[in-house]
Amino acid sequence: MFNRVALVGIGLIGSSLSHVMRREGLAQEIAISTRSPETLERARKLNLGNEYFLDAAEAARGADLVIVCTPVGACEHVAKTIAPVLAEGAIVSDVGSVKQTVLDQMKPNLPETVHLIPGHPIAGTEFSGPDSGFASLFEERWCILTPDENSDPEAVKKLQRFWEKCGSDVEIMTARHHDLVLAITSHLPHLIAYNIVGTANDLETETRSEVIKFSASGFRDFTRIAASDPTMWRDIFLHNKDAVLETLGRFSEDLSSLRRAIRKGDGEMLFDLFTRTRDIRRSIVEIGQDTEAPNFGRYSKDEQ
Ligand code: NAP
């Protein structure tokens, strides 16, 4: 599909893209860049590309597809670095979890001769770095593309086909709409997980060790989410501020109602809510976004 694909940033998402591009034969050559010599050396050892650079511009030079796979806060710097060397007609995209900020940071800094089409694969794990990637990460997962009104439809179609070949279903929407939807489906749940695990950590030493020892599934599942990369998530909250604050406002109001129901002994209210939330879980399983297996499909120690 592409002659030269440049991956700027080679962590979980960048390395997964490299694996799947290799498996599907989507690029003649893959050029990799990352900011630290250690990560670059690791990428080379893992044979994730054909060429390796510490300078993003060297990787992007002559590429017909550049995918920025760094935390969203680095996009402006990357755009400024690669802009002078980009080939005419190249597609520039990214994988960041917030989209309006990517448009705002990159568009003014890129030449008009390239196609900027931001993207976000809704696929990930709590692990990071080049060792954590795998070829099937994007399979049967959504990838959202957020072109703007000036984007070239042919370039959008080509990027859509690329993600479909990586195994994803592609949906197209505006960057603002993406940010609002992801604020409730991903960003707020992460904030809640960071908060609850933080609260447990602040307990007195004795209680804290018991929380860890007896971590029942509720708390344990939060700790998995709260183990996600701190840099990536710091940038998400700083860059999707408005949408997160809006959903957080709604969440706090609903939490106050729950608190009142518990205080007043309003079992009916609690039962009604818990019945409605059960239906949401059922619909998620029905459309194949999760498994029905008990314990979230987690293997027991013997099965692993
Ligand atoms: P990661 O495993 O932590 O890898 C990050 C990469 O970006 C590394 O190559 C790192 O370079 C580089 N980097 C970090 N800070 C940088 C900076 N300030 N300037 C330039 N390069 C920098 O991250 P990831 O999980 O692949 O996430 C990458 C992007 O994908 C993020 O925008 C995230 O929002 C998005 N995303 C993540 C997931 C997920 O579940 N992880 C899912 C969907 C989308 P060095 O190691 O050399 O420092």
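The legends below describe close-up views of a predicted model.

**View 1. The largest nonpolar core and the surroundings of Phe162.** The largest nonpolar core comprises 35 residues, of which Leu7, Leu17, Phe138, Phe162 and Trp163 touch the most other members. At least two residues of this core come from each of strands S1 (2-8), S2 (27-33), S4 (65-68) and S8 (142-145), and likewise from each of helices H1 (12-24), H2 (37-45) and H6 (153-165). Leaving aside neighbours within four places in sequence, Phe162 is in contact with Met1, Phe2, Leu17, Met21, Leu26, Leu65 and Ile67. Another core, of 28 residues, lies apart from the largest one and has Ala60, Val72, Ala79 and Ile82 among its members.

**View 2. Strand S8 and its pairing with S7 and S9.** Strand S7 (residues 119-121) pairs with S8 in the antiparallel sense over three bridges, and within this pairing Pro121 has Cys143 of S8 as its bridge partner. Strand S9 (residues 169-172), in turn, pairs with S8 in the parallel sense over four bridges, with Ile172 of S9 as the bridge partner of Leu145.

**View 3. The setting of His190 in helix H7.** His190 has its place in helix H7 (residues 175-202), where a relative accessible area of 14% means that His190 is buried. Not counting residues up to four places away in sequence, His190 touches Ile225, Ser228, Trp233 and Phe237.

**View 4. A salt bridge between Arg224 and Glu126.** The structure holds 15 salt bridges, including one in which the side chains of Arg224 and Glu126 meet at 3.6 Å, N to O. Because Arg224 lies in helix H9 (residues 217-225) and Glu126 in the loop between S7 and S8, the pair ties together parts that are 98 residues apart in sequence. Arg224 is partly exposed at 43% relative accessibility, whereas Glu126, with a relative accessible area of 19%, is buried.

View 5. Arg282 forms a salt bridge with Asp279, their closest N and O atoms being 3.1 Å apart, and both residues lie in helix H12 (residues 267-286), three residues apart, about one turn of the helix. Arg282 is partly exposed at 45% relative accessibility, as is Asp279 at 40%. The side chains of Arg281 and Asp290 also meet in a salt bridge, at 3.1 Å, N to O; Arg281 is partly exposed, with a relative accessible area of 30%, and Asp290 is partly exposed with 31%. Elsewhere in the list of salt bridges, Arg4, Glu29 and Glu51 are joined into one network through shared partners.

Note on methods:
Residues numbered from 1 in each chain as written. Predicted model: local features only at pLDDT ≥ 70, side-chain atom pairs only at ≥ 80, totals over all residues. Heavy atoms only, no water. Core = buried A, V, L, I, M, F, W, Y, C linked by side-chain atoms within 4.5 Å. Buried < 20%, exposed > 50% of the residue type's maximum accessible area, 1.4 Å probe, protein only. Contact = heavy atoms within 4.5 Å. Pairing = 2+ DSSP bridges. Salt bridge = Lys/Arg side-chain N within 4 Å of Asp/Glu carboxyl O.
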